[in-house]
Amino acid sequence: MVDWKNPPRLFIPGPVKVDDGVLQQLARPTLGHRGKEYALLHGDTVDMLKKILFTDQNVFLSTSSASGIWEAAIRNCVDFDETVLCTMCGAFSDKWADVARSCGRNVEELKAEWGQPITAEMIDKKLASGKYAAITIVYSETSTGLMNPVYQISEMMKEKYPDVLVLADVVSAMVGLPLHFDQLGWDVALASVQKAFAIPPGLAVAAVSSRAIEKSKKVPYRGYYFDFQEFAKAAAKSQTPTTPSIPHIMALNYQCAKLVTEGMENVWNRHKQMGDFVRGWAKEKFGLFCEEQYASNTLTTVKNTREINVGDVIKAIQTKHNTVFGNGYGKLKDKTFRIAHMGDINMADLKELTGWIDEEVR
Ligand SMILES: *Cc1c(COP(=O)(O)O)cnc(C)c1O
């Protein structure tokens, strides 16, 4: 029987499994958000995030899900008489284009088939044909498990279009995949904490370039809750503009300390090992939805080549083992299924889950 008070271990690509140590952080007594204690917590957390994201620029903490920063990036970095090029290769990157339109911006679309990457050449060709203020890209497209070649894209952007702002959705990539914010020359990189940070949902992290903050000064009607000017003013005092979810920031501080101690090369490598393991299993028993060179190391989309009843297998494993993995997203439902391998999910977890799937489909 389904019981929300006895929740299953989560292998869906967000929210993911949360360790007890993190849950304990969420249960600590609260602080006053304008007090010295909070400023210490905030400042320490942001300092660690700058190391984790390889940036000397700005890191903001937003009490919202990542979608809030989708809106922030558009409202702060694209003026009403400008155009944003939205690159689209799956449900999340598609949605960001909808968000930009809902903010009244001019959107030009650049689409790849679901499961196919957006390449530097595709973007170059499009940007050469018109005037754009910014582009949106997604690093790890969670609906398909695809990883876009963002380092190549960024090299091309820096060389040929240095004035076009780069807004990056790194929701299922941040922490799990290599990300050197300053070197990439990005202007916004946003994520929520329920993916590879392995914290319950309710907080978002955004690296924001100084140039994006300068740009936002000139863009009218940015709103209030997601105004980069407000965030920057508050950040100077190691605060947030409004009352933040302090328990989440305590949990984030705890997770960041572990990441800094482990070292980001090791963290990325750990995710690669988990990715290699799940892809190896998937290739042997089913197939991969994405070409392997474009497969994300934080989740795998398995092609249902054996035409199993995905819903039934998920249900059976939930009933027997109180564990769930993800069906395919949207139009890929039943044709694929998704296994998250990020954050505090470990190799033992993955061996257990894949073993259980094997038992069900034998
Ligand atoms: C989960 C996800 C989102 C949405 O994040 P929310 O925190 O639910 O707003 C956006 N983009 C990608 C790539 C995601 O994986």
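Student: Into which domains is the chain divided?

Tutor: This is a predicted model, in which local features need pLDDT of at least 70, side-chain atom pairs count only at pLDDT 80 or more, and totals for chains, interfaces and linings use all residues. Residues are numbered from 1 along each chain as its sequence is written, and side-chain values use heavy atoms, with hydrogens and water left out. Domain bounds come from an automatic or database domain assignment. The division gives domain 1 (9-16 + 264-361) and domain 2 (21-261).

Student: What area is buried between domain 1 and domain 2?

Tutor: Contact means heavy atoms within 4.5 Å. By that rule, 25 residues of domain 1 touch 31 residues of domain 2. Buried area is the accessible area (1.4 Å probe) that two parts lose on being put together, summed over both. Carbon and sulfur atoms give 67% of a total of about 2400 Å².

Student: Which three residues supply 28% of the area that domain 1 buries against domain 2?

Tutor: No other three residues of domain 1 supply more. They are Met264, Trp268 and Tyr294.

Student: Which side chains meet in a salt bridge at 3.9 Å, N to O?

Tutor: A salt bridge is a side-chain nitrogen of Lys or Arg within 4 Å of a carboxyl oxygen of Asp or Glu. The count between domain 1 and domain 2 is 1. The side chains that meet at 3.9 Å are those of lysine 258 and aspartate 344.

Student: Why does the end-to-end distance of helix H2 agree with its length?

Tutor: Helices (H or I, at least four residues) and strands (E, at least two) are DSSP runs, numbered from the N terminus. The expected span is 1.5 Å times one less than the number of residues. H2 has 18 residues (36-53), so it should span 26 Å. Its end C-alpha atoms are 25 Å apart.

Student: Is threonine 298 buried or exposed?

Tutor: Threonine 298 lies in the loop between strand S11 (287-288) and strand S12. Buried means under 20% relative accessible area, exposed over 50%, partly exposed in between (1.4 Å probe, protein chains only). Because its relative accessibility is 0%, threonine 298 counts as buried.

Student: Which backbone oxygen does the side chain of threonine 298 reach at 2.8 Å?

Tutor: The C-alpha atoms of threonine 298 and serine 172 are separated by 6.8 Å, though the two residues are 126 apart along the chain. At 2.8 Å, the side chain of threonine 298 reaches the backbone oxygen of serine 172.

Note on methods: Polar contact = N/O pair within 3.5 Å; in protein donor to acceptor, adjacent residues only side chain to side chain.
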